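Work through the exercises below with the model open. Try each task before reading its solution.

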Amino acid sequence: MSDIASSKRVIPDRLGSKTSRLLASWEVLLFGVAVLIFVFNSFASPYFLNAWNLSDATFNFTEKAMIAFAMALLVIAGEIDLSVAAIIALASTAMGAAAQAGIGTPGLVAIGIGTGLVCGAFNGLLVAGLRLPSIVVTIGTMSLFRGISYIVLGDQAYGKYPASFAYFGQGYVAWVFSFEFALFILLAMVFGILLHATNFGRQVYVIGNNEFAARFSGIPVERVKFILFLLTGVMAGVASVCLTSRLGSTRPSIAQGWELEVVTMVVLGGVSILGGAGTIAGVVIAAFVMGLVTFGLGLLNVPGIVMSIFVGLLLIITIAIPIIARRIKEMS
Amino acid sequence: MNGVTKIQDRSPQPAPTTEAMPILEMRGISQIFPGVKALDGVSIKLYPGQVTALIGENGAGKSTLVKILTGIYRPNEGEILIDGVPTTFTSAQAAIDAGVTAIHQETVLFDELSVAENIFLGHAPRTRFGTIDWRRINSGAKALMLQLESEIDPTIRLRDLSIAQRHLVAIARALSVEARIVIMDEPTAALSRKEIDDLFRIVEGLKRQGKAILFISHKFDEVYEIAENFVVFRDGRAVGQGRLKQTPQDEIVRLMVGRDVKDVFPKVEVRIGAPVFRVENYCHPTEFRDISFELRRGEILGLYGLIGAGRSELCQSLFGVTRPSSGRLVLEGKSLDIRSSGDAIRAGIVYVPEERGRHGLALPMPIFQNMSLPSLGKTSRSGFLKAANELALARKYAERLDLRAAALSVPVGTLSGGNQQKVVIGKWLATQPKVIVLDEPTKGIDIGSKAAVHAFIGELAAEGLSIIMVSSELPEILGMSDRVMVMREGLAAGIFEREALSAEALVRAATGNQ
């Protein structure tokens, strides 16, 4: 021990200053993109810089972002859930049927979120319990959940929701701030704390980085994964309540294709699709970026199909730039 | 040693060797990696129609030699002569073109392809239109399999074959390129006795065709049965070679182990205390049976055996990663029910795995987060992380282990192998265990770090920790252990007290030779 004591050197906790680490982060780059789009939009359209218009724009992303928070954790842990949009449809169908039967607003909310919980538990059981690959399982449950909606509804729609139910998708907490936006901010904080400040969040990162090492370190890998699927299902249920409330009706095609937009938001936010890395702050900024792009293009009367081309390009470019930049740096 | 007499009974082979011309000769080959001289001036000769056994401990340089012969590494010094002509292997293909082929421990074949496709992959006969000539592939494969006395249908997919049959396919593949020099890298590791007999008949056939064979094995009985010549490697040097017939086994073991163990591993004298941990009749459905032993306070129990003897599997089941089929664990008088590694950690048993990167660390994550991982319950407050506590814990063990790192927040993956190992050990010490299981604690780390790890293991024992140390390196086992349990084919082949320890006794117990 004596020779070790004599050669003892102090290892610093961290390298560089806090600001230099922050400046090098993905989130700051993405924030820069968001600002650019904001400035561009405000020049391109005279209607953009209007508090109520901007408030309307948030509805483009709030519901998707709620799911994206939970999805981010799932992707960081090395799994994925492609059935989230189908869970929205099934939960919305369940709420529609219940509303038809005369159940009140609190009951509808419980049914919506409860359906999400059950669907999430089903996914979790198949992935964590039976150790099946999540991408296959959730492609299967995607067809299953939405298929049930189609069987129940056919080409019909549920539309008779109680008046008070409209608050979740159409109500405002204060001035231009909608209930959905407030919920989005609250959930961002809850998931941010869960991922970055708790033991559970650390376990999520370790599982995504090295599942073997996680298991060898005493982390209950299956239990963590099950909880993550449960959370994602619940968030899809919450999003279903908001979306159904906003639209005031349920069709089986509700939220069609949202699973890919949610995954896009997560990846754009800097979450590694291979697992192990990413932040909630990144997902929040990515949500704003996607919302601003679609809103700005909408003001310019760009059709929806062109918008999706833009979002796709945005995703590829933002992913490619840092990788190409690193390669150039390595070559020189 | 019936192996020796057998050889004498049947030796119609051309009389050796001094006058015969070697097919392949390596002269003064050295291979230098950063910090390690993997091979140091090695010279060997391979003769037609003869088997040369390459013997040595893990890490002695056998695999490096195979990689040079198959064109994967290019040696820093020395030359390779084929039929007396100097040759350099610029690529794996160049080695194949020169007539060298290797059958590896884990044969590199493709499960989803047919037997014939596997055999001819990369050199398939073509039709005149340039497409693959399936008729010739299948008939060629059939002919090769018949040559090996096997009637495996060449169109069957590889995944449907047994391990022994796959070996035949690998051999057929080696023959299909008309190799003159065949390297067999522990070909019998996964085979039953009958399959080994079949394999040896094939080897005899290859000898009759005049091929030179380099046969790598740990098992002395096999070596004496099949080989004419031997080369012993130790620490990257060829320390002895000659005719097996004239060399007793003890001599070869001595060459293998070599150095005077006590000088390299100064054992810290520790007062060994009362029994702490007891394993009773531990069984696993496939890997080991009926293992019982006792561990005392401050004691280092060495666990020696060949690869595949069930040592790592035993350790992992003690740690709750795999479940035993029966048996009992007792720690400090209390019976344990360990269902997961979490249970084991809480009980005070920890396991430092052999494969650090794969099982021990989350390489992209910071040092301090890796260190604190199994101790999060202690560093956090009601489920919330406390980075300051984590850093303090990491600092304590980093300093104790003399970790070399730029900062505690850098990813573990940026550290050298030795320093990574320190992080793994620190991570487990931080849980303040009672029993620590070290699986090949110095595998793949440089000499300097090795000595530090050994010194540290000694210190831990002195502090009263009970240690189980798995190692395939005899000097390490002999130098560090208070007692040694030898495992062979899933069974405890003997427990040796320190006074009775000798390299010869351990190797005999591990290989099953009397």
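**Exercise 1. How much area do chain A and chain B bury between them, and which three residues of chain A supply more of its share than any other three?**

Solution. This is a predicted model.
- Start with the area: chain A and chain B bury about 3,100 Å² between them. Carbon and sulfur atoms carry 57% of it.
- Next, find the main contributors. A:Ile11, A:Arg202 and A:Phe216 supply 27% of the area that chain A buries against chain B.
- Then take the residues in contact: 28 from chain A and 45 from chain B.

**Exercise 2. Find the salt bridges across the interface of chain A and chain B, and name one of them.**

Solution.
- The rule finds two.
- One pairs the side chains of A:Arg202 and B:Glu390. The N to O distance is 2.6 Å, and the cut-off is 4 Å.
- Helices H10 (179–197), H11 (199–209) and H12 (211–216) of chain A each give at least two residues to the side that touches chain B.
- H11(A) gives the largest share, five residues.
- Sort that side of chain A by class: 14 nonpolar, eight polar and six charged residues.

**Exercise 3. Describe the second largest pocket: its volume, its centre and its lining.**

Solution.
- The volume is about 1,900 Å³.
- Of 42 lining residues, A:Glu27, A:Tyr205, A:Ala277, A:Gly278 and A:Thr279 are the closest to the centre.
- Elements giving two or more lining residues include H10 and H11 of chain A, together with H14 (367–372) and H16 (387–400) of chain B.
- By class, the lining has 24 nonpolar, 11 polar and seven charged residues.

Technical notes: Residues are numbered from 1 along each chain as its sequence is written. Chains are lettered from A and ligands numbered from 1 in the order in which they are written. This is a predicted model: local features need pLDDT of at least 70, side-chain atom pairs count only at pLDDT 80 or more; totals for chains, interfaces and linings use all residues. Side-chain values use heavy atoms; hydrogens and water are left out. Contact means heavy atoms within 4.5 Å. Buried area is the accessible area (1.4 Å probe) that two parts lose on being put together, summed over both. Helices (H or I, at least four residues) and strands (E, at least two) are DSSP runs, numbered from the N terminus. Ala, Val, Leu, Ile, Met, Phe, Trp, Tyr, Cys and Pro count as nonpolar, Asp, Glu, Lys and Arg as charged, and the others, Gly among them, as polar. On a 1 Å grid over the protein atoms alone, a cavity is a set of points where a 1.4 Å probe fits but cannot get out, and a pocket is an open set with protein on both sides within 12 Å along at least five of seven lines; lining residues have an atom within 4 Å of a point. Grid points are joined across faces, edges and corners, and a volume is the space filled by probe spheres set on the points.
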